Amino acid sequence: MKLYAYCLVDDLDTLDVQRPGILGADVRALKIEDLSVLVSDYQFDAVPVTRENALDHAAVVRSVLDRTTPLPFRFGTLVTEQQLRNYLSARKPSLQIRLGNVRGCVEMSIKIIWELTQHDKPNPPYAATNQGAGTTFLAEKRREILGDEHRSQAASEISSWLREKVSGLIRDEQVTLRPAEKLVLSAAHLVERAKLHSYKEAVSAARQERPELRFLFSGPWPPYSFANIELEFKTQFGVS
Amino acid sequence: MSTSVDQITVIDEWENSDISLLETLDHVLNRGLVIAGEITISVADIDLIFVGLNVLVSSVETAHEVLRKHQME
Amino acid sequence: MELSPENPLSAEPEIDTSNVEEFVEQLRCVTDTLPSRINIDAQSVEQGLAKLVLTLIEFIRRLLEKQAVRRMEGGDLSPEQIEELGLALMKLEAKLQELKTQFGLADEDLNLDLGPIGRLI
């Protein structure tokens, strides 16, 4: 019998919310040292990615959001109790830092779609002194690459603009830019609960400023995007 | 509605234009704590293990089994 | 989306957008990536390895192209050098295209998701 793990909390002694978990199993809080993991029993070897399971997972994690800020596990976290204990004792310091980082916050999500074609800026053509195949090839690549750079700059500009609109209202952010795609920006913002109202107002106002962009705004979510310990590697080693 | 024969049949519900489900999937499938770099998810009875760089590989036994069968044909 | 006792944080997150279809189309990529990475037959296992190798080569090829364009812009290459460089890169691109076709891989297949770091290409 394995355990399906939903999320990690450090300041919840009892679970009064009896929200059923995957396949209707009872969810309980497994206390390991001073941390608790919300788990339910799961008898099979793997977890199907069904609508029902995904929604159940999400519902269990958010059921504690009123009382605490959990670190959610990724969907499909199936472990033995021993694996869980090993994981927690090995990672405890990092996990406690993470829990501290997200304490009192929720995650808000902003996604932006733009018109790709609008960012195709015509560049002055390359003045080639000969028209060989190789030169023509490179001239065309130059046009593409400069276009890409232009789009990357435009995407960064949108990212900076958004950051500026919510500055002072967010504790942290995770932003993914995809300048070559329609879904150019996907941002997760860590917002303190007390600032949530101001944050929403700021975002609403921002949306009006850029009618050429399409926005999708969702939340509040438990802090899925701020849970992963690997992100520490990213900031520690400056990988970007 | 299923995808081509080379691929696993995807759960039909994903074909829905359910923005709420898609946003939920984006959060629970792509983010969150990962234990030992392993997540066990199954699609159509095949056990799959995500490793490290999000590269999906089939379980070791399954791959060898299939390879053996293929070589016998 | 006002917070109140009737609308606690544990309620289902609200989704607010004026462009549902566009976002649905884009977010589907999240679920689409799952099946396209699933390999169950021997050819696909081989294909998986080819995909990895070709992705890395493609990554390097693009770096080389960018380098070439930068030098072209920088003006430190003679027309003959530009022509030679262009021809070489042209051949490299063609070769990679050939390999992709051989392994039945599309352009979109050549990428690596490095998690929090983003995609390689």
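In the predicted model described here, C7(A) lies in strand β1 of chain A, which spans residues 2–9. This cysteine position is buried: 28 other C-beta atoms lie within 10 Å of C7(A), and the threshold for burial is 20 or more. Beyond its neighbours within four places in sequence, C7(A) is in contact with L38(A), V61(A), P70(A), L71(A), P72(A), F73(A) and P222(A).

Chain A as a whole contains 5 helices and 10 strands. Its radius of gyration is 23 Å, well over the 18 Å that the globule rule gives for 240 residues, and chain A is therefore more spread out than a compact globule. Along the principal axes, the C-alpha atoms of chain A fill a box of roughly 75 × 40 × 35 Å. Buried residues account for 40% of the 240 residues in this chain. When contacts in chain A between residues at least 6 apart in sequence are considered, 75% of them join residues at least 24 apart.

An open sheet of 5 strands is formed in the order β8(A)-β9(A)-β7(A)-β10(A)-β1(C), with antiparallel pairing. The edge positions are taken by β8 (172–177) of chain A and β1 (14–17) of chain C, each of which pairs on one side only. On average, neighbouring strands of this sheet are turned by 15 degrees against each other, direction ignored. Within the sheet, strand β7 (residues 105–113) of chain A and strand β10 (residues 214–221) of chain A run antiparallel and are joined by 6 bridges. In this pairing, S109(A) stands opposite S218(A) of β10(A). Helix α3 (residues 133–165) of chain A packs on the sheet, where it touches β7, β8 and β9 (183–192) of chain A; the direction of this helix makes about 20 degrees with that of β9(A).

The helix α3(A) also meets chain C. Its axis and that of helix α3 (residues 79–102) of chain C come within 7 Å and cross at roughly 75 degrees. Because of this angle, α3(A) is roughly perpendicular to α3(C). On the chain A side, the contact involves A133(A), G134(A), T135(A), F137(A) and L138(A), which meet I82(C), E83(C), E84(C), L85(C), G86(C), L87(C), L89(C) and M90(C) in α3(C). By class, this contact between the two helices has 8 nonpolar, 3 polar and 2 charged residues.

Chain B comprises 2 helices and 3 strands, arranged along the sequence in the pattern α-β-β-β-α. Of its 73 residues, 32% are buried. Contact between chains A and B involves 21 residues of chain B and 29 residues of chain A. On the side of chain B that touches chain A, at least two residues are supplied by each of α1 (19–30) and β1 (38–43) of chain B. The most is given by α1(B), with 7 residues. The composition of this side of chain B is 12 nonpolar, 5 polar and 4 charged residues.

Conventions. Residues are numbered from 1 along each chain as its sequence is written. Chains are lettered from A and ligands numbered from 1 in the order in which they are written. This is a predicted model: local features need pLDDT of at least 70, side-chain atom pairs count only at pLDDT 80 or more; totals for chains, interfaces and linings use all residues. Helices (H or I, at least four residues) and strands (E, at least two) are DSSP runs, numbered from the N terminus. The radius of gyration is taken over C-alpha atoms; the globule rule is 2.2 Å times the number of residues to the power 0.38. A residue is buried if 20 or more other C-beta atoms lie within 10 Å of its own, exposed if 12 or fewer, and partly exposed in between; C-beta atoms are placed from the backbone. Two residues are in contact if their C-beta atoms, placed from the backbone, lie within 7 Å. Ala, Val, Leu, Ile, Met, Phe, Trp, Tyr, Cys and Pro count as nonpolar, Asp, Glu, Lys and Arg as charged, and the others, Gly among them, as polar. Two strands pair if DSSP finds at least two bridges between them. Axes are lines fitted to C-alpha atoms, for helices over the stretch in contact, and angles run from 0 to 180 degrees between N-to-C directions. Angles under 35 degrees count as roughly parallel, over 145 as roughly antiparallel, 65 to 115 as roughly perpendicular and the rest as oblique.
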